[in-house]
Amino acid sequence: MWPEPREHRAGALLDHDSGQPGDYLPGDPGLWVFILADMAMFGVFFLIFTLGRVGNVPLFDASRQSLHRPLGVLNTLILLTSSWLMVQAVHAARHTDRARTVRFLALVILLGCGFVVSKITEYSAMIRVGISIFTNDFFMHYFIFTGFHFMHVLFGVAALSVTLAKARRDMLDRRYRVWIESVGCYWHMVDLLWVMLFAMLYLQSAA
Amino acid sequence: MTRARRPFAVWPWLVLVAATIAAWLVTENAADGRLATTLVIVIASIKIRMIVIYFMEVPWTARRWRLALELWIGGACLIVLGGYWFTYI
């Protein structure tokens, strides 16, 4: 079993100004194994995309111009902000502050749904002008990688909804804290994966 | 019940937002695409490291978790940036 964090250690976690780092893992250890495996898979995605670009630089650089950068920026800001609000929700749950836990989780879910709507809007606009997964290699990579990430967001929103329901219904005890920390770490992973996807797909420039 | 008083980790969030907008502006106004791309990928890697440190609280975990995540960040940056520069050498 993972050692139970002592209260002063939990306090140190909240403030990052005291306490000893080393033996506290937010959430469930099994979830962390999943997170690392998932991140490794996305690492392979980055490699596949990079090799694809090496094989056809002009096509990749020209196709990238069709992406809607402002929407990509908006999606990044949405996920970064939702991630930060998730930190607040975990922070509130550690203090057994039910009202704030529920409120912050609701905001995280709202922003998660905002990402979903924004991404569907972007996909729809692309399909309307005739861009699809079959257009060329760049868009095949684009739709597969962002689509896979999109599924992660959908799963995250579902998990967050369960976390919100539990916050309303259950005791905010140690078990709940492990649960919300696990969901929080998953949501942060969704966020950080998008950060690299966004930079790689939208922001690279031709020489 | 205790009240979770002040908002937590505000400045990392502000830095992340500012870095996102900065990376976008760099791309939009770049005179040299290679320099812009290098900056953008490095900024993305720094942002990911900030998420790992300030949001996922990885410095408080056992060293192996942090090491795994740091290696992933370095590896992802190397793959994307290395692949990009490989086409211009």
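Here is a walk through the two chains, one selection at a time.

Before you click: this is a predicted model, where local features need pLDDT of at least 70, side-chain atom pairs count only at pLDDT 80 or more, and totals for chains, interfaces and linings use all residues. Residues are numbered from 1 along each chain as its sequence is written, chains are lettered from A and ligands numbered from 1 in the order in which they are written, and side-chain values use heavy atoms, with hydrogens and water left out.

**Stop 1: chain A**

Select chain A and colour by secondary structure. You get seven helices and zero strands; helices (H or I, at least four residues) and strands (E, at least two) are DSSP runs, numbered from the N terminus. Of the 207 residues of chain A, 57% count as buried. Buried means under 20% relative accessible area, exposed means over 50%, and partly exposed is in between (1.4 Å probe, protein chains only).

**Stop 2: aromatic rings**

Over all chains, the structure holds 26 aromatic pairs. Rings of Phe, Tyr and Trp (its six-membered ring) pair if their centres lie within 6.5 Å; planes under 30 degrees apart count as stacked, over 60 as edge-to-face and the rest as tilted.

Zoom to Phe42(A) and Phe148(A). This pair is tilted, at 6.1 Å centre to centre with 50 degrees between the planes. Phe42(A) sits in helix 2 (residues 29-55) of chain A and Phe148(A) in helix 6 (residues 137-169) of chain A, so the pair links distant parts of the chain, 106 residues apart.

Next, pick Phe49(A) and Phe138(A). Here the arrangement is edge-to-face: 5.9 Å centre to centre, 65 degrees between the planes. Phe49(A) is in helix 2 of chain A and Phe138(A) in helix 6 of chain A, so this pair ties together parts 89 residues apart in sequence. Phe49(A) is buried at 0% relative accessibility, and Phe138(A) is buried with a relative accessible area of 0%.

Then widen the selection to the aromatic cluster that includes Phe49(A), Phe138(A), Phe60(A), Trp194(A) and Tyr202(A).

**Stop 3: Gln204(A)**

Go to Gln204(A), in the segment after helix 7 of chain A. Gln204(A) counts as buried at 3% relative accessibility. What does Gln204(A) touch, not counting residues up to four places away in sequence? In chain A, the list has Arg53(A), Arg64(A), Arg69(A) and Ala199(A); from chain B come Thr37(B), Ile41(B), Val80(B) and Tyr84(B).

**Stop 4: chain B**

Switch to chain B, with three helices and zero strands. Its radius of gyration is 16 Å, well over the 12 Å that the globule rule gives for 89 residues, so chain B is more spread out than a compact globule. The radius is taken over C-alpha atoms, and the rule is 2.2 Å times the number of residues to the power 0.38. Along its principal axes, the C-alpha trace of chain B spans about 60 × 30 × 10 Å. Of the 89 residues, 46% count as buried.

Select helix 1 (residues 10-28) of chain B: 19 residues reaching 27 Å from first C-alpha to last, close to the 27 Å expected at 1.5 Å a residue. That expected span is 1.5 Å times one less than the number of residues. Its buried residues are Pro12(B), Leu16(B), Val17(B), Ala19(B), Thr20(B), Ala23(B) and Thr27(B). They cover an arc of only 160 degrees around the axis, which puts them on the same side of helix 1 of chain B; the arc is that of the directions from the helix axis to the C-beta atoms. Their cover includes helix 4 (69-94) and helix 7 (174-203) of chain A, together with helix 2 (33-55) of chain B.

**Stop 5: two positive phi angles**

Finish with Thr96(A), not a glycine, yet with a positive phi of about 50 degrees. Thr96(A) lies in the loop between helix 4 and helix 5 (98-128) of chain A and is partly exposed at 32%. Glu57(B), also not a glycine, has a positive phi of about 60 degrees. Glu57(B) lies in the loop between helix 2 and helix 3 (63-86) of chain B and counts as buried at 5% relative accessibility.

Conventions: Contact = heavy atoms within 4.5 Å.
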